[in-house]
Amino acid sequence: MRKKVIAGNWKMNMLPNEAIKFIQDLTPLVKDTKNEVIICAPYTDLFYTILNAQDTNIKIGAQNMHFEEKGAYTGEVSGKMLKSIGVEYVIIGHSERRQYFAETDETVNKKIKAAFENDLKPIVCVGETLEEREKGIAFDVITKQTRLALDGLSNEQVKNTIIAYEPIWAIGTGKTATADDANESIKKIREEISKIYGKDIAECVIILYGGSVKSSNAKELFNKSDIDGGLVGGASLKAEEFAKIVNF
Ligand code: PGA
């Protein structure tokens with residue numbers, strides 16, 4: 001049985017004082033869950049959230065990292081730096097980074113490898129645009145992104161990669177893929193992993209759905225056969241609402 005994982009993606013929101021209050025408010029609301037609870041915070045909040053999440057079941061992730069360990073990369077943060085302050089997860093290849101910050105399948109692959117080298121668990125985002133969906137090539141796009149992201153990883157690393165299927169047209173738009181559509185896409189991703197790494201490994205990989213997840217649709221989505229939880233943007237900014245999603 002795969003574990004359910006609910007990861008919040010705060011994006012470029014939350015000042016440290018807000019982040020601390022959020023973790024304090026969330027802690028009692030999710031303390032009894034069996035699901036994995038992750039908050040992916042902006043760099044400036046990471047240290048504060050880690051300190052405040054100590055001795056709780058809330059894990060902290062970053063939203064990006066550079067693939068090099070150190071050097072002349074002004075403005076960047078490495079996996080080693082994240083690990084050094086106690087970060088456990090890192091989102092890689094979010095569509096906003098692909099769209100606005102020139103993230104490519106190649107840099108995504110390098111970042112995933114660097115994440116594992118630093119003992120960070122990657123949450124790798126894949127997803128099609130509305131145009132690709134309307135052209136009928138959504139499955140081709142997401143299976144290709146998955147293949148390129150995982151290229152060259154060991155079986156063990158593939159098993160420990162979390163994938164987030166996020167149709168771009170559903171992110172921040174209030175439009176959710178239907179639970180059945182999301183499940184179909186996630187099955188395709190799992191099939192693709194199975195073709196390359198075998199069924200046993202594919203069955204272990206946690207694959208989340210993301211795109212306008214909220215407390216009112218979480219249960220239907222997360223109860224589908226292949227949807228192992230969610231990557232939650234907007235609805236992760238309020239502790240009560242996020243807790244309802246965690247406790248779906
Ligand atoms: P959303 O964002 O829940 O606000 O649609 C999801 C994401 O971008 O990870």
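**Reading a predicted barrel model**

Modeller: Ser-212 is buried, with a relative accessible area of 16%. Keep in mind that this is a predicted model.

Biologist: Why is Ser-212 called buried?

Modeller: Buried means under 20% relative accessible area. Ser-212 has 16%, so it counts as buried.

Biologist: Where is Ser-212 found?

Modeller: In the loop between S7 and helix H11 (215–222). Ser-212 also belongs to the residues nearest the centre of the second largest pocket, along with Gly-172, Gly-211, Gly-233 and Gly-234. That pocket is lined by 17 residues and holds about 200 Å³ of space.

Biologist: What makes the phi of Ser-212 worth a remark?

Modeller: Its phi is positive, about 55°, although Ser-212 is not a glycine. Most residues other than glycine have a negative phi. Lys-11 is another case, with phi near 55°. Lys-11 sits in the loop between strand S1 (5–9) and helix H1 (16–30).

Biologist: Which residues lie closest to the centre of the largest pocket?

Modeller: Lys-11, Met-12, Gln-63, Arg-97 and Phe-101, out of 17 lining residues. The volume of this pocket is about 480 Å³.

Biologist: Which helix gives the most to the lining of the largest pocket?

Modeller: H4, with three residues. Helix H2 (43–53) and helix H4 (95–100) each supply at least two.

Biologist: How do the lining residues of the two pockets divide by type?

Modeller: In the largest pocket, seven are nonpolar, six polar and four charged. Gly counts as polar here, so Gly-172, Gly-211, Gly-233 and Gly-234, which lie nearest the centre of the second largest pocket, go into the polar group.

Biologist: What makes the strands a barrel?

Modeller: Eight strands close up in the order S1-S2-S3-S4-S5-S6-S7-S8, with parallel pairing. Neighbouring strands of this sheet are turned by 25° against each other on average, direction ignored.

Biologist: How do you know that S1 and S2 pair?

Modeller: Pairing needs at least two bridges. Five bridges join S1 to S2, and the two run parallel. In one of them, Asn-9 has Cys-40 in S2 as its bridge partner.

Biologist: What joins strand S4 to strand S5?

Modeller: Four bridges. At least two are needed, so S4 (residues 89–92) and S5 (residues 121–126) count as paired. Val-90 stands opposite Pro-122 in S5.

Biologist: Why is strand S2 called largely enclosed?

Modeller: Five of the five residues of S2 (residues 36–40) are buried, so the rest of the structure largely encloses the strand. Glu-36, Ile-38 and Cys-40 point one way, Val-37 and Ile-39 the other, and all are buried. In a regular strand the side chains alternate between the two faces of the sheet.

Biologist: What does Phe-139 touch, leaving out residues up to four places away in sequence?

Modeller: Glu-184, Ser-185 and Lys-188. Phe-139 and Ser-185 are 46 residues apart in sequence, but 6.7 Å apart in space, C-alpha to C-alpha.

Biologist: Which strands does helix H9 lie across?

Modeller: S5, strand S6 (162–165) and strand S7 (206–210). Helix H9 spans residues 179–197 and runs at about 150° to S7.

Key
Residues are numbered from 1 along each chain as its sequence is written. This is a predicted model: local features need pLDDT of at least 70, side-chain atom pairs count only at pLDDT 80 or more; totals for chains, interfaces and linings use all residues. Side-chain values use heavy atoms; hydrogens and water are left out. On a 1 Å grid over the protein atoms alone, a cavity is a set of points where a 1.4 Å probe fits but cannot get out, and a pocket is an open set with protein on both sides within 12 Å along at least five of seven lines; lining residues have an atom within 4 Å of a point. Grid points are joined across faces, edges and corners, and a volume is the space filled by probe spheres set on the points. Axes are lines fitted to C-alpha atoms, for helices over the stretch in contact, and angles run from 0 to 180 degrees between N-to-C directions. Contact means heavy atoms within 4.5 Å. Buried means under 20% relative accessible area, exposed over 50%, partly exposed in between (1.4 Å probe, protein chains only).
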